[in-house]
Every structure is written in C-alpha cells, then in structure tokens.
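Have the sequence and the 3D view open as you read.

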Amino acid sequence: MDEEPTSGETPPADTPVPVAVGPSPPAFSPDNDHPNPADGRERSVDARHVTMSRIVGAIVTATVALGSLVALVIVFFTVPIAPWAWPLLPLGWLLVCFTLGWFSYVWPSLEHRHLAFRLDPQSFEVRSGVLWRKRIAVPRNRIQHMDVSQGPLERHFDLATLAIHTAGTSHAEVRLPGLTHAIALRIRDVLAQQDEDDAV
Amino acid sequence: MTRSERRLHPLSLVFVTLSSVRGVIASVIVIGWTVRLPYPAMLLLGIPYLIVGVIRYMAFRYTFDDEELVIRTGILFRNERHIPYSRIHNLGTVQNLLHRFLRVAEVRVETAGGHEPEARLRVLSLGALEEMRRTIRLHRDAAKIAREQIDEGAPATAEETREKTLLHLPLRELVLHGIIRNRGMLVVGAAMGLAWEMRWFSSDDELTDGNFWRSLRDMVQGLGDRMGPPIIILAAFLAFLVIVRLLSVGWTVVGLHGFTLGKTEGELRIRYGLLTRQTTAIPQHRLQLVSVREHPLHRLFRRVEVRADTAGGNPSEQSGTSHPRLAPLLRHDHLGAFLREIQPEIDLDEVRWEGPDPRASRRIFRISLLAALIGTTVSVLSFGLWGALALAAMPLAWLNARRQVHWMGHALTSTAVFYRRGWLWRNLSFTPYGKIQALSLSRSPFDRRWGMASVRVDTAGGHEVEERIHVRYLPESTARALMVRLADRVSATTFRW
C-alpha cells in the first residue's frame, strides 16, 4: 500500500482490461489517452497541479506583500519610530516577502509528493498531508454523490477537483484536487456505476 | 382555498409573533429602560411582527394527498413542498405553558437526511395533530401492507400499539441527574447577564443606585468582621457551589420532568418536560453511534449516561432545554439490557478488547512531563522555590498515563465496532458496521516518531455525541490492519437511512 505512486499520466499499454461480469464493478475500456484508474494502484495527481498551486501562492504572496507595504508606510508616517529602527522596517518586510515566496514555491511540490489516490473494487482512498499525514478511505457503497469542479485557474490547466460526498460528519466531503479534467470525469463515472446496486 | 386544504390554528398568530419578538425583546426592554421610553411605545415595536405573522398565517396551507403531505407557503414567494408519507418518520411536538393552556401544539415534521425539520407547523390544534398522525399512519400502514402482501384477513390496527417503557426517570433520579450534570452555571450566567443589563453592578446609576450589590457587600463585610476573612471566603465559596448545584437540580427537574423512553415497533419514543412538554420519536434504525458515559460522579452513584447520534430530523434546537439523551441517567446494572433493547443486533458479550501500543503510556507521560516542566518554571518564577512543589504531581501523571492506557481499547464484533477510553471520565462508544460512512488513518509528526497511528471511524449525524470513535496510539501496522478489517466489513454491509 505504500509503494511509490505512479504518475496518472502514462497509460500502462499492455495492462489487460478486466471485463465486468456480474457483481464486480464495471471497468471501462481505456483509450490511448486516458488510462484505467480503477485498477487498485496508487496514483498521484497531475504534475501541473504543482504549477497551479505555485501560481496561487504567488498571488497570495503578492497580496500580502502589497498589503503589508501599505500598512508599513502608514505606520511609518503616523507612529513615531526611533531612527535606528528605520532600516528594520523594510528589512522585516523583505524577510516576510521572501519567506512567503520561498514557501509558496517549495510547499506545492512537497504536497504533490504526498498526494495520491487509489481506486479499487472496494473503496476510494485519498492520501494527503506533508506533516500530518492522513489516508481517508470511503467504501464505494457509502458514496452519496460526487462533484467535479473547476476554478478559473484549474480550467486554464485543464485540471479539476473531484469531491466525494458521504453521509459522515468529519469526512462529509473528501476532496481530490489536481486531477486532469478527463480523468476526474472518468473516476466519477466509474464510481457512479456503483449507485445502481445500492438501496438508497 | 380548496375543500381539503387546511390552515393552521388561528392562535398561530400569537405564537409566531411571540417567537419573532422573543429574539429582540431583551434588547428592546433594555433600550427602552435606558432611553426612558414609555412602555406603550415599546408595544408599538411589536406591530411589524404581528403583520408578518398575519401574512404568514394566511399563506400557510397544507393538504393530505394520496401519497404525500403537501405544504404550500408564501404569497409573494410561493413554495410548495411535497413530503411523502413514507419519508415522515416522526411528528415531534413542543408544548410550552401557553400551548397547553390554549390546547395547541407546535408540530415538526421530521424526515430522513436533514437536521432541520422538513416542515414546522406552528401551531396546530390537538385535534388537527391527531388527524395528521392518523392519516400518516394509515398511509404508511397501507404502503407496508402492499409491500409485504398480507391478505385482507389481518386488519392493520396500528392505532395504539403497546409501548414498552425502557426508562422512566422519577423525581429522585432527576434530582440525582441535576446534581451530576451541574447545569447550574447556565442559570448563574444568565442571571448575571440580566443583572448586568439591569445595572445592578454599577453604583453611579440614578435609577438603581447599585443597591443590591452594596447591601450584599455590607452584609458580607459584617460577617467577615465577626468571623475572620478566610472562613468567610471558604464559606462563600461552598455556599456558591451548593447554590449552583441546587440550580442545576431545579433546571433538570423542570426541563426533564416525567422523562420516559418507550419502545414500540422499532421506534423509540421520548417524552419529557414540565413547563414545555416535548415529544419525539426516533426509529431505531436511525441510531448511528451510541455512547455511554461514566464520570466520577456517575460512578459514585453507580449510574451511567447513554447518548446517541441520530441521522435525519435532529431535533436539537429546542427552546431552553437541550436535546435529551436517550438515557440521561441509567443504573449501571441495567446497561446491558438497555443496550440490547435499543440495538438488538449488538451483543456486548462478544466484545474482546484490543489495547493500544504498550509504549503509549510513556508517550502520554512525556506530554505531562513537558506540561509539568512549563508549569513548574512558571510557578517557581511566580512563587519562588516553593513553586517546585508542582513537581509533586509527576507520580500522579505517571499513574494517569498508565491507567489511561489500561482503559483504552477497541474491539470488532460480528456486527459493530467498539471503542472505550478514559479511566476517570470513562466513555464507551460503538456503532454497527452498517452505519460507518468513512474511515481514516492519520499520523501526526509525533505519531511518526513513535511508529504509531490513529484510526477514525466516521458516522452520520454527529451532533449529539461529541466523542467520535478515534482509536489512538496504535502501532502503525495494527492501525493499517484495522483499516483493512473495518473496510472489509463496511463494504459487506449496506447503509440504510
């Protein structure tokens, strides 16, 4: 369960496709572009998710930098500060900016390394978290409904977020960002097939 | 209005207006008091609410269709809600003093999958309520008969099925519950808030002159002069504790008066309340997670408290009293029988406890050690070397860690997963596999250092029971194995609302 996740992008060309017969969950025939994510192997999300997160981080950094600069200027002109402290203010501001910026660059790739999902006949699992590591498993017959959503940035990168809704309280919604839009739709379709077998 | 359409009872106007005004009435009174507004003017402020109430009353109509209850509301923004009879699992009622005096009740139509009642009828006459109950029951039984295909021979007399009383709390038990529960601080807090608003605490105010507070102070000082301050402080403190407990007892006795939990045909019925009578019914299959609590005070009296999460139609926003537990107070030796009644498929005898990692006691102790070091540093800085006495708590902390680990455990039976924790404040929770929604395994950085992990079991409707099933301090391999075992069993069961 803890092997290195394979990227979700390379189609395993020779993998035989299990044909669904009877109660086992239906598989779909993989075309060349989209592999079968329902094979129980752990997969990571698209690498472009890292780029997207970095852009988001850059926006946040820029906003905080601008806001704090404005605040700093206001403080400088209103609150009396000893002359020896004057160089400290811009230095502090630069420090904050660089820290935020560095963090925005480094953190997404760390997160990506620890983000993975797995779909097997029994359940859907999402593994996430860099420091506080967590693995959430939702049995397929407990999935209430699913959302595939795309923010503006995600649309630009052709990524999507898959949200699985359960009837639980702490895990009422299990989100998996960074999937290719097509793969997200595929997963949703595969999971949706389960619905027919369950009593509501 | 067509012939079969019904309106709410005309007295609804009174209740709707009152409830709208209730939210603002405290502020209104205070504002009026300080601004010296004449009282009649304050009544005028209620007029907009009255108008809204009239409009709402005129617009509310309900009908009994073949398969569903249809409720139409609104004049400008119309809404039509269809509630199939089969979905209605409870008609909860609330009756405060005014309701009972006027022989009406507020009715809440509760269905599955939702925390708010599907429809709130404020208010219906008791006759209309009975009609609604009868109609719904009739249709539900008709549907059940059609489903089970019983032939005409056996008529469905579901009118007054025998109800088996599972728990009844007489006055004695309620007093005990009040003592244990200690809700007195609620009343004290409310009273202090009111006193603040009424300016009893300030002595500059013309109106009241802080009379109450001053006379209290004088009285206490007089006693102090005669008996010496430390005794006075101690006596005052003890008196305060006693008063708070008495208030709690009063609050409980009034709020849960006549508490009865009965069982009919797979449904649990709860009735309680002295001034405000409340009734609610919970289908047994809606119970999600059941939790049994035992605090030191509980143990002193050999009692426990049983709570449960229910999914769908959670009647948790009552006025004043909080949602009652399934069994606010239950004798310890009745627990096994009680649990068998409410969850028949679950057998406590099957439970074989599995404990956490043995190293968990060391880990818990280390946390206490850290806290003790910080505490000692602070107390030494504040009180000098005597502050080092705080270290005397260390053996206690070690004992606490060992006892905690001893009382921690999880168990998987054929039908449910169990978890228990705590040695002073004990808690036992369990949920059938069919009610488990999701599982998670988490490792904090500290978990990773110790090679441990924790497993969470997620269930629906988690509002009542604050204790979730969170199995901590497991060795990592055990945690992973537990996830697999649980996942297998959960996949093998279906979830039914």
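In helix α15 (residues 476-491) of chain B, B:R480 and B:E476 sit four residues apart, so about one helical turn separates them. Helices here are DSSP runs of H or I with at least four residues, strands are runs of E with at least two, and both are numbered from the N terminus. The side chains of B:R480 and B:E476 form a salt bridge, 2.9 Å from N to O. That term stands for a side-chain nitrogen of Lys or Arg within 4 Å of a carboxyl oxygen of Asp or Glu.

Before going on, please note that this is a predicted model, in which local features need pLDDT of at least 70 and side-chain atom pairs count only at pLDDT 80 or more, while totals for chains, interfaces and linings use all residues. Residues are numbered from 1 along each chain as its sequence is written, chains are lettered from A and ligands numbered from 1 in the order in which they are written, and side-chain values use heavy atoms, with hydrogens and water left out.

Over all chains, the structure holds 25 salt bridges. Three of them are set out here, with the relative accessible area of each partner; buried means under 20%, exposed over 50%, and partly exposed in between (1.4 Å probe, protein chains only).

| Pair | N to O distance | Accessibility of each partner |
|---|---|---|
| A:E125 and A:R135 | 3.0 Å | A:E125 9%, buried; A:R135 6%, buried |
| B:R122 and B:E106 | 3.6 Å | B:R122 22%, partly exposed; B:E106 9%, buried |
| B:R480 and B:E476 | 2.9 Å | B:R480 16%, buried; B:E476 22%, partly exposed |

Salt bridges with shared partners also join A:R118, A:D120, A:E125 and A:R135 into one network.

The side chains of A:E125 and A:R135 meet in a salt bridge.

β5(A) and β18(B) pair in the antiparallel sense over five bridges, where pairing requires at least two DSSP bridges between the strands.

How many residues does each chain bring to the contact? Chain B gives 31 and chain A gives 25, counting heavy atoms within 4.5 Å. About 2,300 Å² is buried between chain B and chain A, with carbon and sulfur atoms giving 47%; this is the accessible area (1.4 Å probe) that the two parts lose on being put together, summed over both. The count of salt bridges between chain B and chain A is zero.

Now for some backbone details. Most residues other than glycine have a negative phi, and most peptide bonds are trans. The peptide bond from B:R122 to B:V123, however, is cis, with omega near 0°, and B:V123 is found in strand β7 of chain B. A:D158, not a glycine, has a positive phi of about 60°; A:D158 lies in the loop between α3 (152-157) and β7 (159-165) of chain A. B:R302 is not a glycine either, yet has a positive phi of about 55°, and B:R302 is exposed at 64% relative accessible area.
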